[in-house]
Amino acid sequence: MRPYDIRCNGIVIRPPRVTDGPKIMTMVRESAVLDVNSDYAYLLMCTHFSMTSAFAQDGDENVGFVIAYLPPDQPEILFVWQICIRSGYRGLGLGHLLIESLLHRPGCRGVRFVEATVNPSNLASQRLFQSLAKKYSTECQTSKFFPKDLFGSGNHEEELLFRVGPLRCNDQKE
């Protein structure tokens, strides 16, 4: 195991490697829910943002990932760009573990809020962020973020901003 690797019930959660980019792309396509971005975007996320992203494997099976970053002018926010759990692994708390693995990394010690945009029809992600707030005994606020008309194709739902916090993780100073 490498630094920042976590093992839980046989699943290893670790920072992504550049070779995970194509695997993430495959999981995104298979999800049929997430927006598919370019191969290049996933390669960048696995390199430039590897310390704010995580990849989950069960043996040789790729079972999930979270891609996140700290907005440059808001280092107290961990913005979750995409999170995906393969169908056979949903409902096991893996989404929480992926996000929590990030919150306990040194680069995220100052994080006080977790944010993500979520489509109104993506009930699984809505439940994830609401339950994360419950786990941390804090709030989950929702507001409008990107209206539907900003997405040129017209086939995209609006994006709601979910904001969980303030967080008081064990390794953060009050």
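Glu100 and Lys135 form a salt bridge, with their closest N and O atoms 2.8 Å apart. Glu100 sits in helix α3 and Lys135 in helix α4, so this pair ties together parts that are 35 residues apart in sequence. Here, a salt bridge means a side-chain nitrogen of Lys or Arg within 4 Å of a carboxyl oxygen of Asp or Glu. Helices (H or I, at least four residues) and strands (E, at least two) are DSSP runs, numbered from the N terminus. Glu100 counts as buried, at 13% relative accessibility. For that label, buried means under 20% relative accessible area, exposed means over 50%, and partly exposed is in between (1.4 Å probe, protein chains only).

Before going on, keep in mind that this is a predicted model: local features need pLDDT of at least 70, side-chain atom pairs count only at pLDDT 80 or more, and totals for chains, interfaces and linings use all residues. Residues are numbered from 1 along each chain as its sequence is written, and side-chain values use heavy atoms, with hydrogens and water left out.

How many salt bridges does a search of the whole structure find? The count is 6. One of them joins the side chains of Arg163 and Glu115, at 2.5 Å from N to O. This pair links distant parts of the chain, since Arg163 is in strand β8 and Glu115 in strand β6, 48 residues apart. Arg163 is partly exposed, with a relative accessible area of 24%, whereas Glu115 is buried at 9%.

Salt bridges that share partners also join Arg14, Asp20 and Lys23 into one network. Within it, Arg14 pairs with Asp20, and their closest N and O atoms are 2.7 Å apart. Arg14 is buried, with a relative accessible area of 2%, and Asp20 is buried too, at 0%.

## The largest pocket

The largest pocket has a volume of about 490 Å³. It is lined by 22 residues, and those nearest its centre are Ile83, Ile85, Arg90, Ala124 and Ser125. The elements giving two or more residues to this lining are β5 (77-85), α3 (94-103) and α4 (123-135). Which element gives the most to the lining of the largest pocket? That's α4, with 6 residues.

The search runs on a 1 Å grid over the protein atoms alone: a cavity is a set of points where a 1.4 Å probe fits but cannot get out, while a pocket is an open set with protein on both sides within 12 Å along at least five of seven lines, and lining residues have an atom within 4 Å of a point. Grid points are joined across faces, edges and corners, and a volume is the space filled by probe spheres set on the points. The lining of the largest pocket divides into 11 nonpolar, 9 polar and 2 charged residues. In this count, Ala, Val, Leu, Ile, Met, Phe, Trp, Tyr, Cys and Pro are nonpolar, Asp, Glu, Lys and Arg are charged, and the others, Gly among them, are polar.

## The second largest pocket

The second largest pocket holds about 420 Å³ of space. Of the 21 residues lining it, Asp35, Trp81, Gln82, Thr117 and Glu159 are the closest to its centre. Two or more lining residues come from each of β5, β6 (113-118), α4 and β7. Here β5 gives the most, with 5 residues. The lining of this second largest pocket splits into 12 nonpolar, 7 polar and 2 charged residues.

Let's turn to the backbone. Asn9 has a positive phi of about 50° although it is not a glycine. You'll find Asn9 in the loop between β1 (6-8) and β2 (11-14), and Asn9 is exposed, with a relative accessible area of 76%.

Ser137 is another non-glycine residue with a positive phi, near 50°. Ser137 lies in the loop between α4 and β7 and counts as exposed at 66% relative accessibility. As for peptide bonds, the one from Gly165 to Pro166 is cis, with omega near 5°. Pro166 belongs to the segment after β8 (159-165).
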